[in-house]
Amino acid sequence: MTDSTAAPHPLELPAPSQTAAWLEQRTTTLLAEARDAVERLKADRPTDALEAVRRWDAIELMLRNLGAPAHTFSELHPEEEARARGDEAVQQVERFRTELSLDRDLYEVFAALDPAELAGRDPLAARLLERVLRDFRRSGVNTDEATRARLAEISDRIVVVGQEFGREIRDDVRSIKVTPDRLAGMPEDWVEAHPVGEDGLVEVTTDYPDYVPFLMFADDAESRRRLMIHYLNRAWPANDARLKELVELRREYASLVGYDSWPDYDTEVKMIGSGDAVAAFIDQVSEAADASARRDVALLLERLRQDRPDAEHIDRADAAYYAEKIRRERFDVDAQQVRRYFDFTRVRDGLLDVTGRLLGLEYRPAADAVVWHPDVDAYDVHLTDTGERIGRIYLDLHPREGKYKHAAQFDLSPGVAGRQLPEGVLGCNIGRGLIEHDDVVTLFHEFGHLVHHVLAGRGPYVRFSGVATEWDFVEAPSQLLEEWAWDAEVLRTFALDADGNPIPEELVARMRTANDFGKGSDARTQMFYAALSYRLHAEPVTDVTELTKELQNAYSLYPYVDGTHMAASFGHLDGYSSGYYTYMWSLVIAKDLFSAFDRANMFDPEVARRYRDLVLAPGGQKDAADLVADFLGRPYSVDAFAAWLAE
Ligand SMILES: [Zn+2]
């Protein structure tokens with residue numbers, strides 16, 4: 001498509017000390033240009049649909065070219081001023097987008113155009129026009145003035161109540177106090193970090209660094225149960241009213257913009273497609289997980305009865321503790337033994353080598369790249385067969401002060417054919433020296449997002465560039481790539497101990513078995529959460545606790561514990577609203593995609609190239625369901641996922 005003379009150049013980044021000024025300059029220039037382009041579009045009212053779509057996408061490109069580096073630097077830049085400037089730029093872009101979404105004059109430019117007329121000339125442009133019209137409709141731009149005022153009010157209120165809901169969960173830390181003898185079973189470093197107070201007692205809080213290991217390791221069942229009940233009552237009763245208000249606001253919003261329910265509004269732009277399909281999916285996964293989940297729980301109960309012979313069932317106060325015991329007693333995976341094989345530098349080079357072989361890519365160190373911190377490595381991405389440079393990636397993998405705390409892929413520049421290269425960043429917090437196998441899985445996962453961003457950056461429209469697919473499909477490519485981090489043959493290429501011995505196949509097999517234990521019961525618990533997130537929004541709810549109890553007993557194999565109110569601290573009800581099913585949905589699709597690969601030959605170039613070209617490269621140019629069907633030669637199904645659960 002592009003010859004070497006027209007090949008776009010990478011973005012020239014400023015020196016770290018100049019980043020804040022660079023962002024400020026970029027904000028002023030790009031926002032002014034975008035504003036000007038919008039005004040001209042409204043004044044000219046192009047009657048040629050193709051011209052209108054192209055001009056709109058050019059505005060989108062300006063906003064992405066500002067928003068992408070601004071967001072990346074707000075999370076990763078070592079200088080506080082650059083991070084603050086990045087945050088500000090992101091807010092300005094978002095405010096401008098909201099303003100455009102409710103601009104009646106702008107809407108009328110596009111409402112006068114016909115996607116069907118465009119379909120014959122440029123099907124992709126027709127798809128883009130449909131999307132633009134859909135966005136406007138979903139924002140309520142074509143409703144009357146009073147309705148638009150109410151919609152704006154609801155949107156603001158949802159933000160405020162959502163923030164209060166989240167703040168309450170963060171701030172409401174509860175705790176129990178126990179005598180030191182009740183810490184039996186806890187890891188030594190944990191006990192050292194929890195000194196005995198003047199009252200002779202040790203405080204254990206509901207924060208993750210206390211709660212998770214305590215439920216997993218503390219031998220004292222009564223203390224585990226006390227802590228769990230506090231944990232499941234965080235933010236209750238304060239968040240009960242907020243939760244009801246949130247779902248009511250969403251219900252009203254969906255109704256004002258013309259939908260039967262909030263789940264119908266929410267799923268219209270997702271792969272799953274409708275609210276009813278969410279309900280059906282939850283039941284389908286529950287059924288597929290049933291036998292496997294019952295096996296897990298039977299094993300846990302059997303182990304529990306060694307300690308408590310009269311136990312009739314097992315609930316969440318005991319489940320994590322006995323799952324951990326079974327992993328240690330039955331599968332004998334010693335983390336200390338495993339980590340000897342994972343040296344950071346070898347793992348990083350192995351990751352590049354494995355994904356390069358798989359996807360036909362070559363990563364060449366980018367000597368001319370300016371990086372924001374000495375820890376950051378930059379590589380140009382080339383196609384192996386033609387040598388063409390198709391993007392640039394930055395790996396920012398070690399922790400430092402002020403940096404983003406989790407692991408994620410960030411965009412630096414969206415790719416557009418012949419115009420600009422896709423550039424992306426991996427921001428992680430991984431140690432140097434020996435690392436955990438979990439870190440290896442994380443690296444493969446996040447790299448799945450990164451190659452998606454790069455490979456999908458060669459289309460004509462920025463709207464469809466990069467990870468521009470439906471939100472419930474986004475995790476499928478990254479979950480798929482995790483499979484390569486669990487394959488003995490793949491691991492042997494870079495998982496070597498200090499003497500150069502590759503990780504034994506038999507150890508990898510035990511690691512997999514230990515990791516697989518509990519997948520059925522976990523799936524059922526996830527479906528309980530998904531059902532709660534869906535049902536709260538699908539129907540009027542008078543008693544959140546009653547609904548929680550009903551759904552927990554129907555979906556989770558761990559029965560409801562009296563006096564608990566987990567919905568009050570279910571933080572995802574703000575961000576995901578009715579769509580908590582999405583994580584499991586992506587996993588179902590990832591397992592289906594993986595079924596096309598040969599597990600005995602994970603590097604099979606033919607399958608991998610087809611996957612690259614049919615699923616990753618199109619970005620958002622097609623619906624995700626069609627991408628998957630193009631690759632598999634059939635519609636997606638839940639069969640591979642069900643088979644994996646049954647394994
Ligand atoms: Zn991810």
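**Ser521.** I began with Ser521 and found it buried, at a relative accessible area of 3%; I note here that the model is a predicted one. Ser521 belongs to helix H21, which covers residues 519-538. Leaving out residues up to four places away in sequence, I listed what Ser521 touches, and the list reads Ala293, Asp296, Val297 and Tyr558.

**Ile158.** I next looked up Ile158, which sits in helix H7, residues 145-171. With neighbours within four places in sequence set aside, Ile158 is in contact with Leu246, Leu249 and Arg250. I also checked Ile158 against Arg242: the two are 84 residues apart in sequence, and their C-alpha atoms are 9.9 Å apart in space.

**Charges over rings.** Arg250, already noted as a contact of Ile158, lies over the face of Trp262, at 5.9 Å from the ring centre. I found another such arrangement at Phe603, where the charged end of Arg357 sits over the ring, 3.8 Å from its centre.

**Aromatic pairs.** I then turned to the rings, for which the count comes to 35 aromatic pairs. One of them joins Trp471 and Tyr576, whose ring centres are 5.5 Å apart with the planes at 15°, so I recorded this pair as stacked. Trp471 lies in the loop between helix H17 (437-455) and helix H18 (476-482), while Tyr576 lies in the loop between helix H23 (572-575) and helix H24 (582-594), so the pair ties together parts that are 105 residues apart in sequence. For accessibility, I have Trp471 as partly exposed at 45% and Tyr576 as partly exposed at 23%.

I compared this with Trp484 and Phe597, whose ring centres are 5.1 Å apart and whose planes stand at 85°, so that pair is edge-to-face. It also links distant parts of the chain, 113 residues apart, with Trp484 in the loop between H18 and helix H19 (488-491) and Phe597 in the loop between H24 and helix H25 (605-616). Trp484 and Phe597 are both buried, whereas Trp471 is partly exposed.

Going back to Trp471 and Tyr576, I see that they form one aromatic cluster together with Phe528, Tyr529, Phe570 and Tyr580.

**Helix H9.** In H9, residues 208-217, I marked Asp210, Tyr211, Pro213, Phe214 and Leu215 as buried. I asked myself which elements the buried residues of H9 pack against, and found helix H8 (188-192), strand E2 (202-205), helix H10 (221-231) and helix H14 (316-331).

**Second largest pocket.** My last entry concerns the second largest pocket, whose volume is about 280 Å³. It is lined by 16 residues, and those closest to its centre are Arg26, Leu61, Asn65, Arg419 and Gln420. Helix H1 (19-44), helix H2 (49-76) and strand E6 (408-413) each supply at least two residues of this lining, and the largest share, four residues, comes from H2. Sorting the lining by class, I get eight nonpolar, four polar and four charged residues.

Terms used:
Residues numbered from 1 in each chain as written. Predicted model: local features only at pLDDT ≥ 70, side-chain atom pairs only at ≥ 80, totals over all residues. Heavy atoms only, no water. 1 Å grid on protein atoms, 1.4 Å probe; cavity = no way out; pocket = protein on both sides within 12 Å on 5 of 7 lines; lining within 4 Å. Points joined across faces, edges and corners; volume = space filled by probe spheres on them. Nonpolar A, V, L, I, M, F, W, Y, C, P; charged D, E, K, R; others polar. Buried < 20%, exposed > 50% of the residue type's maximum accessible area, 1.4 Å probe, protein only. Contact = heavy atoms within 4.5 Å. Phe/Tyr/Trp six-rings, centres within 6.5 Å; stacked < 30°, edge-to-face > 60°. Lys NZ or Arg CZ within 6 Å of the ring centre and 35° of its normal.
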